[in-house]
Amino acid sequence: MSNSPLLEVVDLRVEFETESGPVTAVDGVSFVVDDGSVLGIVGESGSGKSVTMMSVMGLITDPNARITGSIQYRGQDLLALQRDEWRGIRGTEIAMIFQDPMTSMNPVYRVGWQIAEQISAHTALSRKDVRLRVLELMQQVGIPDAEQRIDDFPHQFSGGQRQRLMIAMALSCRPRLLIADEPTTALDVTIQAQILELIQTLAAETEASVVLITHDLGVVAEMADTVQVMYDGRIVEAGTTATIFNDPRHPYTWGLLGSMPRVDRPRPERLTTIPGAPPSPHDRQPGCVFAPRCVHHQPACDVSPPLIERTGDGHLDACILPLDERAPLRAAVISPTGAEHER
């Protein structure tokens with residue numbers, strides 16, 4: 001049996017040519033996804049999370065886009081695939097749950113037809129068997145009265161139900177890799193919990209690996225085995241969920257964790273924030289990408305620090321601060337009990 005990962009991305013770079021000049025959305029990203037694992041990708045909007053995984057899905061078809069690096073899925077180079085060859089990958093091997101359930105479905109087609117279309121495209125099932133499979137999926141994701149609702153239109157479902165339908169569509173051909181891009185956007189907290197639990201349950205049943213794209217560290221703490229923190233198109237820290245929460249090493253990760261409101265400590269007068277604003281994609285400066293917003297910035301940060309492992313435990317970070325100096329600096333941002341996490 002091969003020990004190679006299900007997905008291996010090496011030095012992925014995505015650049016767009018614009019009227020204002022080239023814009024680098026993803027800058028040298030490398031990571032792996034193993035069989036049966038859950039990878040959480042976190043970061044602010046514009047950090048390159050979605051563009052990275054859309055590249056994996058082959059969904060960046062803009063003629064002004066330039067994608068370099070390597071994306072290996074089960075030993076196959078996805079960047080070398082032609083458009084027709086992608087049809088054998090999308091849906092059956094890799095599927096994606098998009099972030100806005102309110103607009104992800106076509107409003108003029110019945111939901112049953114939209115789910116059935118993917119099944120018909122990738123299987124040889126008869127029309128009757130396809131419809132039975134759609135009903136099974138709708139029941140599996142918790143749509144009540146599926147027999148009566150299979151021919152309804154998207155606007156006749158709530159936001160949470162539409163997200164359940166998107167999950168049914170994504171899992172209809174039992175993919176090996178499921179990408180969930182902000183799957184709980186625009187949903188209330190109770191429905192968010194239900195959707196995340198559903199993704200976990202169905203992924204376990206189908207033995208699918210999951211890449212969860214989110215800005216919510218609480219979601220990552222509950223679901224992910226490993227985490228990578230992205231900022232301005234680069235990974236600035238990566239490791240197991242336990243190490244990221246118990247021993248965060250990058251100032252940006254400290255800021256994200258420190259910004260999380262907590263119910264186990266007194267409510268602060270003001271929420272903690274990360275100073276400054278995300279950089280403009282048209283004005284990327286040399287050196288550490290987080291340096292303009294980092295209170296620990298020093299002249300050595302003008303040279304881009306590598307993402308490296310410093311302690312032999314697989315925990316990677318891209319910061320020049322000595323490890324023995326980071327704990328007191330981190331404590332000033334994160335409560336000593338605020339980062340405790342067990343898996």
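Which residues are linked in a network of salt bridges? They are D11, R13, D27 and R234, where a salt bridge is a side-chain nitrogen of Lys or Arg within 4 Å of a carboxyl oxygen of Asp or Glu. The model is a predicted one, in which local features need pLDDT of at least 70 and side-chain atom pairs count only at pLDDT 80 or more, while totals for chains, interfaces and linings use all residues. Residues are numbered from 1 along each chain as its sequence is written, and side-chain values use heavy atoms, with hydrogens and water left out.

A search of the whole structure finds 15 salt bridges. One of them joins the side chains of E44 and R293, with 3.0 Å from N to O. This pair connects distant parts of the chain, 249 residues apart: E44 sits in the loop between β3 (38–42) and α1 (49–56), and R293 in the loop between α10 and β11. Helices (H or I, at least four residues) and strands (E, at least two) are DSSP runs, numbered from the N terminus. R293 is buried, with a relative accessible area of 7%, whereas E44 is partly exposed at 22%; buried means under 20% relative accessible area, exposed over 50%, and partly exposed in between (1.4 Å probe, protein chains only).

Two further salt bridges can be visited in turn. E136 pairs with R133, their closest N and O atoms being 3.5 Å apart. Both residues belong to helix α4 (residues 127–140) and are 3 residues apart, about one turn of the helix. An α-helix has 3.6 residues a turn, so residues three or four places apart point the same way. R133 is buried at 14% relative accessible area, while E136 is partly exposed at 44%. In the salt bridge between R87 and D84, the closest N and O atoms are 3.8 Å apart. Here R87 is exposed, at 57% relative accessible area, and D84 is exposed as well, at 55%.

With 19% relative accessibility, H296 counts as buried. Leaving aside residues up to four places away in sequence, H296 touches P251, W254, L321 and L329, a contact being heavy atoms within 4.5 Å. P251 and W254 are among the buried residues of α10. That helix is mostly covered, 8 of its 8 residues being buried. Its buried residues pack against α8 (217–223), β9 (226–231), β10 (234–240), α9 (241–246) and α11 (323–331).

Strands β9 and β10 lead on to the sheet. In total, 8 strands form an open sheet of mixed pairing, in the order β6-β7-β8-β3-β9-β10-β12-β11. At its edges are β6 (94–97) and β11, each of which pairs on one side only. The partner of β11 is β12 (residues 316–317), joined in the antiparallel sense over 2 bridges; strands count as paired if DSSP finds at least two bridges between them. Across this pairing, I308 stands opposite D317 in β12.

How many disulfides are there? The count comes to 0, a disulfide being a pair of cysteine sulfur atoms within 2.5 Å. For C288, the nearest cysteine sulfur is that of C301, 5.7 Å away. C294 is in no disulfide either, and its nearest cysteine sulfur, again that of C301, is 6.3 Å away. C288 is buried at 14% relative accessible area, and C294 counts as buried at 15%.

On the surface, V108, Y109 and W113 form a nonpolar patch with about 320 Å² of accessible area together. V108 lies in the loop between β6 and α3 (111–122) and is exposed, with a relative accessible area of 58%. Patches are made of residues with over 30% relative accessible area and no salt bridge, with like charges joined within 9 Å and nonpolar side chains (Val, Leu, Ile, Met, Phe, Trp, Tyr) within 5 Å. Accessible areas come from the Shrake-Rupley method with a 1.4 Å probe, and for residues only the protein chains shown count as cover.

Finally, two pairs set sequence beside space. Q200, in helix α7 (residues 189–206), is 23 residues from M223 in sequence and 7.4 Å from M223 in space, C-alpha to C-alpha. D324, in helix α11, is 171 residues from F153 in sequence and 58 Å from F153 in space, C-alpha to C-alpha.
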